Amino acid sequence: MHLSRLIRTIQLALKSLMLHKLRSGLTMLGIVFGVFSVIAMLAIGEGASQQAQDQVLELGAMNIIIRSIKPPEDTGQSGGGNRSRVLSYGLKWTDFHLLDKTIKTKSKAIPVREIVQEARHLHRSLNVRLVGCTPEYMEVNHLELSQGRFLTDEDQQQLTNYAVIAHETAQELYGIEDPVGSSILVGGASYQIIGVTRPRTASAAVGGSLSGQDYNKDVYVPLETLRSRMKDLVIRVSAGSFSAEEFQLNQITLLIKKREDVIPTSDVVRESLLLDPDHVQKKDFAVVVPLELLKQADQLRWIFNIVLGSIAAISLVVGGIGIMNIMLASVTERTREIGIRRALGARQIDIIQQFLMETVVLSGIGGIVGVLLGLSTPYAFLGIQWFVEAFVLEAGSGDSELARIFSDMKPQIAYWSLPVAFGISVFIGIVSGLYPAFAAAKLDPIEALRHE
Amino acid sequence: MKLAASLHDLHKYYDLGSVVVKALRGVSAEFPKGDFVAIMGSSGSGKSTMLNVLGGLDRATHGDYVLGGHNVAQLGDDDLSRIRNQMIGFIFQSYNLIPQYTALENIEVPLHYRPGYPAIGEAERNRCIDLGEMVGLGDRLDHRPYQLSGGQQQRVAIARALVNDPEIILADEPTGNLDSATEEEIMAILDRLNRQGRTIIMVTHEPEVSMRAKRRIHMKDGLIEREDNATAT
Ligand SMILES: Nc1ncnc2c1ncn2[C@@H]1O[C@H](COP(=O)(O)OP(=O)(O)OP(=O)(O)O)[C@@H](O)[C@H]1O
Ligand SMILES: [Mg+2]
């Protein structure tokens, strides 16, 4: 088609559409909202999956994380009232040494032990998480120091009583005082503070086996020191009954050298640990593979996109039906005009092009407006979040977990969705215009001329 | 004598299911170049039907129609469109202008559908303006149909019929909706076009109007009843 003719056809379409501005505008709105909702839905989906991905990546795509988990009740307690027996479970040092020795694809194996304890300084106290760890802990968990230094290998070997405390621990116990150099009492043992970490956003829970971690109320001490001081028994007294738990390690993190080894290695790890009949019986560990989770998150993201996208696409289809409806009415209304054009030499294809161009222009402009609106999704969403937080959640009702998920949502425009949504809108314009256009072209010129 | 158009034993039937309406039942006629014919006859005698076949708006059921040396009776839709655009100028009783267009834009419409779709340039636009002036519309070219009188609208239609310089002008009761003074003006324009060499075939009910033509064809029941070429007194 010649450019001049194309321009002429577009001008003709615009002219006809401008003749009924309100009608054209309303018809276009259907497409505008359709395109907008496709982009917005995909942005919300994309934002959610981006978050999931970030969480997984924070765990380290090259890591395999093995966590101790408390065995299900029935294996721990058999007798009804017997609440005072010692529950022994979890990863053991022997597991660590086994993995450290046999897994050749790893660059490092990092054991960690965590206990919730009361920490004291002068008259202040705080429940902290006492973490016995090795120097690698800092890097693996993306910790940064605001003061002093982290634990070193020498600290491990020499069983020093050094401790690094987290930001909030420092604030709660020391206030404006400089904690470095002073001592802290945790679970009855005294440590000397050598460093303070910066505030860090808590990690979110991943799957069922790895709960979220708040790194801000931690105290880090050399694992060997902790081991020599605390032994493996933890006794808790609560509400008149006391329970004792015996476990050695909370977590072993394996750093794998090559990405392609991560998943095969995780299978080997599972098998090796299950060689121990204790683990078989108690089911007291879980292997978390962030890379696997990443793949799952990726799959989830597609499912998410498809579901949300199709819901939104339905509104585009509804917009298309609106266009078809209006164009059919328009063909009936303009039967006489069609007859005149045919009498003056218009071919059927000319009539088809004329009406198709009207729907294409209508849906194209609607699509562009929809894309522009869609680009504002993140800002619009901020407004909605503000509104919901200020008025809906304020009212006191509402599930707090839901509220948290909602306020954490950060829509992210999937840039591929812009041309796709626009393309779909034009496609729908063409499809919904085809029937009216062919109906117009098929009219008998003489009958059309007689039409009142 | 060169023929602009000729019909040979032309039939046009409308199959309505229960009955078949025979609008034309074997019409033969010759129209030399430069002819000016008035087609007369009672209502329903087949005048419009014949004119529509001549104009390529309709196809005969059988029979031949030779236009410009070619038999066009069995041509397809696109070819008929091309004939309507290039060889025929239509003038209707009810003007048939496009309501949202100005007079000038209405005159331009046939230009949009020329074969090959050439661009409409300055020369074409000037020609449209000249045609508008020729039919006496000079100061009304930017008016829309509803702002024009019937006579003015018919002038627009005449200018439009001429824009692609067709050989034959077909007019179906062109003055049927006009008063006698306006009728006179419109007929004067057609007279002038005929003197310039254009073939004009015009359906009319009015004997007075028919006397402006060189000859008259009288139709009855889908057949040509008689012809006369008596000149006006
Ligand atoms: N589309 C059609 N379907 C069925 N019959 C038709 C159709 N068009 C025309 N006819 C019939 O064909 C015959 C001729 O009609 P036509 O319009 O040619 O008459 P006419 O001579 O122009 O009459 P008038 O002077 O009233 O305009 C009429 O009997 C008419 O009813
Ligand atoms: Mg008639």
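Start with ligand 1, which lies between chains A and B. The model is predicted: local features need pLDDT of at least 70, side-chain atom pairs count only at pLDDT 80 or more, and totals for chains, interfaces and linings use all residues. Residues are numbered from 1 along each chain, chains are lettered from A and ligands numbered from 1 as written, and side-chain values use heavy atoms, without hydrogens and water.

**Zoom in on the ligand's oxygen atoms.** Look for polar contacts (N or O pairs within 3.5 Å). A polar backbone atom of B:Gly44 sits 2.8 Å from a ligand oxygen. For a backbone N or O atom of B:Ser45, the distance to a ligand oxygen is 3.3 Å. The side chain of B:His205 places an N or O atom 3.0 Å from an oxygen of ligand 1. On its own, ligand 1 has 630 Å² of accessible area (Shrake-Rupley, 1.4 Å probe); the protein covers 70% of that.

**Colour by element.** Helices here are DSSP runs of H or I with at least four residues, and strands are E runs of at least two.

**Move to chain A.** Select α12, residues 335–343. Eight of its nine residues are buried, that is, under 20% relative accessible area. Among them are A:Glu337, A:Arg341 and A:Arg342. Finish at A:Gly345 after the helix, where phi is positive, near 115°.

Terms used: Buried < 20%, exposed > 50% of the residue type's maximum accessible area, 1.4 Å probe, protein only. Near = heavy atom within 4 Å. Polar contact = N/O pair within 3.5 Å; in protein donor to acceptor, adjacent residues only side chain to side chain.
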